[in-house]
Amino acid sequence: MRKEILLETMGLWAGYGGKPVLQGVDLSVRAGEIVAVIGRNGVGKSTLMKSLIGLLPSDRGSVLFQGEALDAMAAHRRARQGIGYVPQGRDVFPRMSVGENLLVGQSIGGGRSDAAARLDAIYGYFPILKERRDQRAGTLSGGQQQQLAIGRVLMGGPSLILLDEPSEGIQPNIVQDIARIMVDLNRQTGITVVFVEQNLDMIRAMAERCYVMDKGRITAEIGRDALEDRDTVRRYLAV
Amino acid sequence: MAILRTEKLDKWFGGLHVTDEVDFTVETGEVHCLIGPNGAGKSTFFKLVLGEHAPSGGAILYDGENITRAKPFERIRRGISVKFQVPGIFQALKVRQNLQIALQHHLQGATLNEEIDRLLEFLKLKDAQDQLAGSLSHGQKQWLEIGMAIALKPKLLLLDEPTAGMTPDETFATGEMVQALNAQGVSVLAVEHDMAFVRQIAQKVTVLHFGKVFAQGTIDEIVADERVAAIYLGEVHA
Amino acid sequence: QDGEPIKMGVLEDQSGDFAVATIGKVHGIELAAEEINANGGIAGRPLELVTYDTQSDNRRYQEFMRRVLQRDKVDVVFAGFSSASREAYRPIVDQFDGLAFYNNQYEGGVCDANMIVTGAVPEQQFSTLIPYMMEKYGKNVYTIAADYNFGQISAEWVRDIVKENGGTMAGEEFIPLGVSQFSQTIQNIQNAKPDFLVTLLVGTAQASYYEQAASANVGLPMASSVNVGQGYEHKRFQPPSLADMYVTTNWIEEVDNPASKEFVEKWHEKFPDEPYINQEAENSYIAVYLYKQMVERAGSTDHDAIRKVIAEGDVCMDAPEGHVCIDPKSQHMSHTIYLAKVGEDHSITFPKVWDDIKPYWLGDVGCDLTKDNPEAQYTPSDNPKKSGG
Amino acid sequence: MSSRNSVSSALRLLEGPQTLGKGPGFWAGFAVVLALACAYPLFADGYDVGNNVYFFNWAFMALGLGLIWGYGGALSFGQTAFFGVAGYAYGVLTINLGDAYGLTFFSLVAAVAISALFAAVLGYFLFFGRISGVFLGIVTLSVTLVLERFMSQTAGPEWAIGSARLNGFNGMGGMPSLTIPWPGGDIVLFPDVALYYLTLAILVVVYLALRMLVNSRFGNVLVAIRENPQRAEMLGYDIRRYQLGAFVIGSGLAGLSGVLYTAWGNYITPSSMGMSAAALPVVWVAVGGRSDLTTTLFGTLLVLAGFQYLTIYGSQYALVVMGVLLVVTILAAPSGIFITLGALFSKGLRRRLKRERA
Amino acid sequence: MDFSSGLFSFLYQTGDAFAFLVLSACGLAVIFGMMGIINLAHGEFILCGAYVTTSAVQVGLPLPIAIFLGTAVAGLVGMLLERVIIRHLYSRPLDSIVVTWGISMIATQGTLIILGSTMPGTGTPFGSFSVGGYGYSVYRLVLMLAALATLAVLWLVFTRTRFGILARATIQVPHIAEALGVNTSLIYSLTFGLGAALAGLCGGLYAPTMTLVPTMGSAFVVEAFVTVVVGGADIFLGTAPAAAILAVVKAGLTSWQGQLAGQIGLLVAVIVVIRILPRGLTGFILRERA
Ligand SMILES: Nc1ncnc2c1ncn2[C@@H]1O[C@H](COP(=O)(O)OP(=O)(O)OP(=O)(O)O)[C@@H](O)[C@H]1O
Ligand SMILES: Nc1ncnc2c1ncn2[C@@H]1O[C@H](COP(=O)(O)OP(=O)(O)OP(=O)(O)O)[C@@H](O)[C@H]1O
Ligand SMILES: NC(N)=O
Ligand SMILES: [Mg+2]
Ligand SMILES: [Mg+2]
């Protein structure tokens, strides 16, 4: 069964203050896929995520979502098309409660979905968020914030989630939980996931396919089979 | 002889008991890892040791001296240094200047510059030395912050998730660096969730849970402990 | 030098806090200059104005006083509204031996040969006003005054005059400049139950007192030397908030005599948008004519020659307010003092007029500019007489 | 030998990462500007010379605020408090001591010292109480407003120190100008050529000394504190001392401005400590570009001269035009007018600008 | 003065000071507390509200409608300014000091040039009442109620509406709010407009009681700033208690020692409170809750 392409970039260039970081990124992701992006520090993975969601304007090339070019669209409009972005470093709203943080995510996907049901589902995935729903998010521990950041985008029922290093700072069993939750969600709702990751276990637990980035370009693609082999992945990360 | 010892160290945030009468020791010269679930109180424990937070009760002894009431900078001057969980660098200053500010405590003039160059090389930030620190990638920021921490030539180095966001090879390199420092006599206390890293460096591991010491031992003992697996590790491959 | 213009510097606040009371002063000078030039100028020389906006900022007075004296080399300067601005520029006028007219009603006491003052001073306004009010309403007096030199010194005058006339002070309250909220003050006044109230409020913020007192129904007769005559509060506030206010002023728009009416008419012809012509505007207007007279009699703009003319004691003219003269000892001006009463509907009547009230006080305490020039400002509690000099 | 060494290493601090301008090109430019400034009185009339002295007077306060705010990251909205305290101190001292035997210079030094001492006490209270950000701005503003309100009501004769009357809102006058004792008649430094050279000399010395200060170890720590106080403390620095140090030096400079201003016009008032006076130094520093001494200095002189020019020729529109210029300048030149203008011509500046935008 | 009328008088005076502080500060608190913009043109939005209100009364509109108009116009002007100028300054809030100071100069002098140096007042409605032989203004009770109502409405808007949540999110981490689908530029506009409208409301409410001149805004600014800062970052936790504390200090000192003491006492209270609570009341309250 070949699904249609949900997200595609063509010759994407982007950078900061004239210094190019992405230098012609081409990738394409089909609806319902879980795709990882890996690469060493500083090769431009986060930069790619930011240009996909629109926080960083691209200099050249284009981003297509559901066949439509997003390039001229502001980030909030892209989000309303159904793209949820979980940034590296989490960036929760520090002086708002956990519950309020979650409510902000509702804007994703445009429509005002049933908040109570969504909240219940998210509290089901991440019980600590329920326990701490009135605590100010800035005082949560690092791992708790990561869970909140993921829960926040789920509130809007996105069709595509961009995750930037979701395992960072998370205790091992919750890393496994997050991987499992994402895979479950993917199976149940068909949600598409593109994630940047360094944690081999998480990559192997989640990804169906994997792009390798170096110096602002996609340099390789690893298929399902090669992913099974720890050392192959490790070798790619070491380039 | 313990380089760091806490006695019944206690911290409440409002109604939340985050550090619960912790008795904890880092022996001089050891590499000690502190692990535990998110929210267990590891970062808070660091902040108490550094004086960022005032404890609700208990005492902190460094090298035999009671430093419970000392100001943060006084603790640093006695030989503690830290890499925080959230990178704390001088965003609008150049990478080079960041290191200079850390190093100028004990170095001057030409030797200062040589040492900065040596550190830049070591941190693989040579090419980025004139970049503003704020424009580094996440991993590069981590390296820079580690560099600033070791630039202080500490006797006790506190590392809060030093390898978060690093590739396995980089993590391994960081582990080697920690071991090299330890070989020079630096005691290390590290918080990590990466069990491979913990296995690589730890001579002793303490598990913190709900602000209490939950388990302690070698990495093998900890990995074998089913209670730890239940609250923290899950099915590990470490 | 024949035919060469006589230069007059004009430093007044055309913007900022004081503009409401001072734009008219510039107009007064312009009107007089235009008339004089139309009639052949001063001793055949045209009068040229060099005007700067001092923006209600003391520092601009310092900058521009140096500029008019050193760069523009004016023959005379007309400058200043607040006493602080006058004190800011006075050292500079003294240093360069300039000649400055201060055309403002003020707290009195400037004894400086480089200064000529045409505004009214306390002995002119209070020795008339306070006894009248005590006679009419009673001897128990409450003063609210702006908490700075003008207010404090004026309040001191009021206090002394009340005592001299056998009255008592029911209370005295000083209000920092810029205060606009008066609930507590209103209550204090009601608490003291005075027979009448002396209001020496300065600045637009403080004028809010009247509206707030009216809405709390204070209902006391009021007396003032500044309000109405300077800030035309009776025009700016809705009646009857200023009802029963008595003001001594040397002139206001409503003064009812032919000379005054003619003056108001030609003013509004030239400046149809002028909201109100206040006493300072008239002072400024007549000051230009007085200067003309001094120069023509001295035969030059030389300051020593002009002072000699003043020393003769008969620099006088018939102004819209009446006959006025410059007092040689103090170089201040005598005035006709009108007692203006504000009615329920804010119309003005004049229950009493005092002719030719002299600025005697400086002379009495020992200021005599024909003899020496202390370049000082005296106050009732700090003057040569007081210190035994 | 070693003293030679320390002098040369001190001189090396004239350039560094914290100041714009280095190398022979910059210093040649510096020499040209200085030479022009020295030659200026030969060409200008007394008014212009005296007016420039007046502009120079304010530059010290701006440089001081540049140090505290631009380098130290602490926005003090009340530098005018120190300006006023020093101005009044100079008045009280000189009125009581007189102007013979160079006592006016003693009074100058003493008045600056008094304002620095006041800053030390207030700064101790602020920085050791961990007050920062806008809280610091409002506390310092409150202090200057309290002084203004208090001084405004000291009109009565009871408010005198020795023979010096404070004289309330109307302001204190009658203090002597700076006077150099000289055989055959003291030289009184009225706002004219002699005062010009004195003020210029002080300005050059202060500017160069501040350059050395900000490029020193002290300056490094100061900018580190501005960027991330917590991290600076975790590198073992007692940040309170550094902030206090910068505050005292910067406030001493505000005091120097106050003294020079008072001696220049023989006058000081409470309004010089009021709200609008307090806002001005912030504007000067922001327009020039607060993160550099040179731009702060030239920005201040430019705004002062520009605004005065507008007031002279702009009639009632002057204030409107000033407002528009401020808005446009800040919008169009985010790093201050000089860095932005300079970026049109210089690659280094362009890079710096990009960094600051990022 | 007997006890009950003394008590009433104390409550009235404190309430009066409280109303002044709250109404002066609310608009500033929204703009500063939410957006981090230090708005030195706050007084000119008050001026705008006062002038529009007064003009509307003069053409015959009833006061409540006139005040509503004043509020609305100030709000619209605020939104316009935000679009054109303020939005370029979010990344450098300190520069907003200079820009808003410039705007304030333009507004004050522009008003002087266009509308002249003064505007006639409309008179205070509702008359007076008396307690224990003292006359009090009814309208000042209206002001007190307006202050309380404003606080209540603001609290509801920011905590109980979606706009409030999105606004707070936007202010805290703008780029993430944007990435989560929030139209941050609209939120900024509305928030700034709301702050300006609140300033306009203050101007409209006080217009009948004050001198109307182009510089009238300055009568509110110092009080507004100190209230906001003593309150600290969170306007709801901070502003109301700050206004209450400062009102008691100010009213107490004014009645005991006169206006100068009240003024200086207010400023000294600010210094003392911030010294004790270096992050304002908000910081204090939040530290105590987990
Ligand atoms: N805001 C910025 N301004 C300027 N340069 C930047 C900025 N953010 C990142 N860069 C530069 O862009 C390059 C790519 O950064 P990016 O954050 O995309 O890396 P990354 O692949 O996500 O690395 P990591 O694994 O460390 O997170 C780096 O060289 C970095 O220095
Ligand atoms: N300033 C604070 N106020 C209130 N609660 C806080 C504060 N700081 C931390 N906490 C709470 O204290 C607990 C311990 O937090 P801490 O950051 O020490 O966890 P941690 O063990 O470092 O977790 P992680 O591995 O996720 O970083 C958490 O529940 C957190 O929400
Ligand atoms: N001269 C006055 N009113 O200050
Ligand atoms: Mg990244
Ligand atoms: Mg932690």
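Tutor: What follows is a close look at the place where chain D meets chain E. The model is predicted, so a note on conventions comes before the details: local features need pLDDT of at least 70, side-chain atom pairs count only at pLDDT 80 or more, and totals for chains, interfaces and linings use all residues. Residues are numbered from 1 along each chain as its sequence is written, chains are lettered from A and ligands numbered from 1 in the order in which they are written, and side-chain values use heavy atoms, with hydrogens and water left out.

Begin with the extent of the interface. On one side stand 39 residues of chain D, in contact with 37 residues of chain E; contact means heavy atoms within 4.5 Å. The two chains bury about 3,500 Å² between them, and carbon and sulfur atoms account for 81% of that. Buried area is the accessible area (1.4 Å probe) that two parts lose on being put together, summed over both. Within the area that chain D buries against chain E, 18% comes from Phe135(D), Arg149(D) and Leu331(D), more than from any other three residues.

Arg290(D) and Asp95(E) form a salt bridge through their side chains, at 3.4 Å from N to O.

Now consider which elements of chain D take part. On the side that touches chain E, at least two residues each come from helix 6 (133-152), helix 11 (275-288) and helix 13 (318-332) of chain D. Helices here are DSSP runs (H or I, at least four residues), numbered from the N terminus. Helix 6 of chain D gives the most, with 10 residues. Sorted by class, this side of chain D has 29 nonpolar, 7 polar and 3 charged residues. Ala, Val, Leu, Ile, Met, Phe, Trp, Tyr, Cys and Pro count as nonpolar, Asp, Glu, Lys and Arg as charged, and the others, Gly among them, as polar.

How values were computed:
Salt bridge = Lys/Arg side-chain N within 4 Å of Asp/Glu carboxyl O.
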